[in-house]
Amino acid sequence: MTKTAESERLEAVISRSIPWKKWGPYLSERQWGTVREDYSEGGDAWNYFTHEHARSRAYRWGEDGLAGISDDKQRLCFALALWNGKDSILKERLFGLTNNEGNHGEDVKEYYFYLDSTPTHSYMKYLYKYPQVAYPYADLVETNRRRSKNDMEYELLDTGVFNDDRYFDVFVEYAKNGPEDILVRITAVNRGPDAAELHLLPTLWFRNDWSKWIAASNRAAEKPILKQMEAPAGTSAVVVMHSLLGKYIFSCEGDVSLLFTENETNHELLFPGQKNESPHVKDGINNCVVQSNHGAVNPHKKGTKVAAHYQSNVGGGQTKMIRLRLSSSSSDQKVKPFGKQFDEVFADRLREADEFYESVTPPSVGEDEAKVMRQALAGMLWSKQFFFFDGDNWLDEHHSNPLHTGYRNSRNSEWYHMLNQDIISMPDKWEYPWYAAWDLAFHTLPLSIVDPDFAKQQMELMLRTAYMHPNGQMPAYEWNFSDVNPPVHAFATLFLHRTEQALRGETDVEFLKSTFNKLLLNFTWWVNRKDRFGKNVFEGGFLGLDNIGVFDRSAPLPTGGHLEQADGTAWMALFSQNMLELAFEITAHDPSYEPMIMKFAEHFYYIGSAMNRPGQDGMWDEEDGFYYDLLRLPDGSSQRLKVRSMVGLLPLCATTVAEKSMRERIPQTMAMIQERMRRIPELKETIHPTGPGHFGVAERGIMALLTPERLRRILTKMLDENEFLSPYGIRSLSKFHQQHPFVLNVGGQEYRVDYLPAESNTSMFGGNSNWRGPVWMPVNALILRALLNFYLYYGDNFKIECPTGSGKMMNLFEVSRDISNRLTRIFTRDEHGRRPVYGGTEKFQSDPHWRDNIYFFEYFHGDNGAGLGASHQTGWTGLVAKLIQLYGFLDAKHILEVGRRAAFTELAEKARTAEAKAMAGGKRL
């Protein structure tokens, strides 16, 4: 079958090691305010390295920029800087509020969009909206600081800087003529009525790895250099020389001024009394352009940072375009870098991008949904970032390395083994420019649509010895690597395995074995560290759900005692099921893994028995028909914390089915499981019945924490629009608590949980997210998985009202599809042409230059679907792309007949058919 050009590039990366992915959007969008750059005594990352410092102070661990790219070790970086003649500084990086400045925590205050990207970054497109008046830095800080947590955020549109459309749409496009021949096209469109001044400053620089303050283990052997060189007529050029990268030429169209300086700290400005390493420092280009200080740049036209300075006055409605090229080998670069071929390459790459996305999009998907799917995947691909952290070095510099005498304990002291220097999928490169373990597992699902190999690499990262702690714990995130995230990597590994198996018709046994063995270490860590008394009930703290509990679940409880967590225990039941399935897959190739099937079956049964223990000692509340966290008090008594939240829905997710053919392949293990059930019948009394006499459709077996009765009772609440079912998915907290808040008094202090469909009204876990009502994509995806598994078992033999009280009966596939449609509806236009994600922001709803540029927020209003939290968290919100693809291909009756494995194969076959159609020219775009 003919492959798309982009598919062939992806294959060439793996089969022939052609470095199509060497260059990509690997710059952060905020390196300032990160833990890595924090060298303060008290760990105050936000205030130690501020936005104000960023233009003058060299970073140690990474670089940031606007619409930027770099090589995969971030040695050489490229990004765009702008100036409108009125701002007090160049726009070199995105601005936003710190955690203390924002009334709902940190928040970027810019408008920028990831419009397109292929997985090899052979074509990329980005849009930044740049006001023509002075950017209101102080107004945004002061006004937001005065607002309470109950107030709306003060946004850039609210300041009036976009009034009368007096702004530029600045499009940045990249097209690769080869792996190391990168064409750049920057197009600025004046959307306003009048001419306006605009300075475009495409900037090339080296990450500083040569200064004396860089640790010897990470310091470069020699300093790289950028120098102006002779160039063909009508162009300007810079030669790039780096001892490890080699030689490149950076060409700029036109006879344009090249401004050189050094990427080194302006010590004399920031730290009076200290001398600069060079007369020309990081803010030299800013000071030259904005302050007309021409002595701030190097007159000898060399340095480690250079910008081409394009100055223009763009008429109302008019366009200004510049073209650039960075190449290591192109013959065109030396003679005619901007000839006819330049535009032909852009046209070819865009056409190939269209063909590629047509090939992965189901034919049944409409134009608007296809647009949402493509932009979601583009956002995920733009959110790749080079993440550099040398734990041993960093802790040395903080005098906190346990390997040294006299060390003081500080943040992440126990993670001195870490050496992270990889391209990683970030949640949001401004608000969360650091990896989060459980986010990353969810990222791999939509990434597998476009680049299964990259998805597998991301899955393996957290399990490498340079990441995973020797005790088996996975790192959570840089603010506290020792925090505990939900154990979802086995679930994602299984999904990636089945996807690859279906696409390629083969099993990557080494990937499965390696991942399974590392996950076994992590599972053991959970059992030994988070099951306090060996009772098969688990803790874990906040477990990614931030403020969902009445208490901060990661802090000592004000009541004393400890929590037995319904979500922690459910996660471990799911982990057990996933490990069992992985062991089964490996056993087909290596029978020595078969005993692991029995091991994890036992774990599941022990956990199910403990979680479903009848009476006051169990997490199930018979009266309410719901699961709750159990508070164990110091006097030995216990109390259920009756908060109806996602915590109590997660036991639904610990569900998987086993085909008859699977059981027939392991008869001895099945006999052992049945014998164990015979000898300890209590293990099966409180979970879903299975085995002889209890098989489902096509004689499928099932492993589930919920009995049929409990399943119906939980679904009745979950599908009730007055409880969990929002028009836009499943809420994280029941709307029941809007009229009935959960209140607990301890020592004269009131603790309460109210239904809050929008932003949080507390500062728990930073106050920048809210699990007390909004809709979150990752847990909704797990619920859909559970419903599909139950459907494979029950078929049409289990139907339920959806919504509750509507009289409309649905099987569980139909319920899952209904929820998926609600989630997708957040982003698509409704009958009035409005996208719920943008709520009441009229500019985004009606302006043709805004309304089809889609943000994929962190979470969504529980009642109206408006986007909330981090505005660019395409990360796990990119799961919407997988939902669009999945339900675009799935046929309910057929998957019931063929089962889960065959369904994956069929999805892959449909994708191959779509690829063939795309190559034949049958495109929708």
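How many bridges join strand β2 to β3, and do they run parallel or antiparallel? I found three bridges between β2 (residues 66-71) and β3, and the strands run antiparallel.

I noted the ground rules next. This is a predicted model, where local features need pLDDT of at least 70, side-chain atom pairs count only at pLDDT 80 or more, and totals for chains, interfaces and linings use all residues. Residues are numbered from 1 along each chain as its sequence is written, and side-chain values use heavy atoms, with hydrogens and water left out.

Entry: pairing. Strands are DSSP runs (E, at least two residues), numbered from the N terminus. Two of them pair if DSSP finds at least two bridges between them. I looked up Leu 66 and found its bridge partner in β3, Leu 80. Four residues lie between the strands in the hairpin of β2 and β3, and Gln 74 takes a positive phi near 50° there. On β10 (residues 196-206), I found eight bridges to β3, again antiparallel. Ala 81 has Leu 201 as its bridge partner in β10.

Entry: burial. I checked β3 (residues 76-83), and eight of its eight residues are buried (under 20% relative accessible area, 1.4 Å probe, protein chains only). Leu 76, Phe 78, Leu 80 and Leu 82 point one way, while Cys 77, Ala 79, Ala 81 and Trp 83 point the other way.

Entry: cysteines. I searched the whole structure and found zero disulfides (pairs of cysteine sulfur atoms within 2.5 Å). Cys 77 is buried at 0% relative accessibility. For Cys 288, the closest cysteine sulfur is also in Cys 252, 15 Å away and too far for a bond. Cys 288 is buried at 7%.

Definitions and conventions: Buried means under 20% relative accessible area, exposed over 50%, partly exposed in between (1.4 Å probe, protein chains only).
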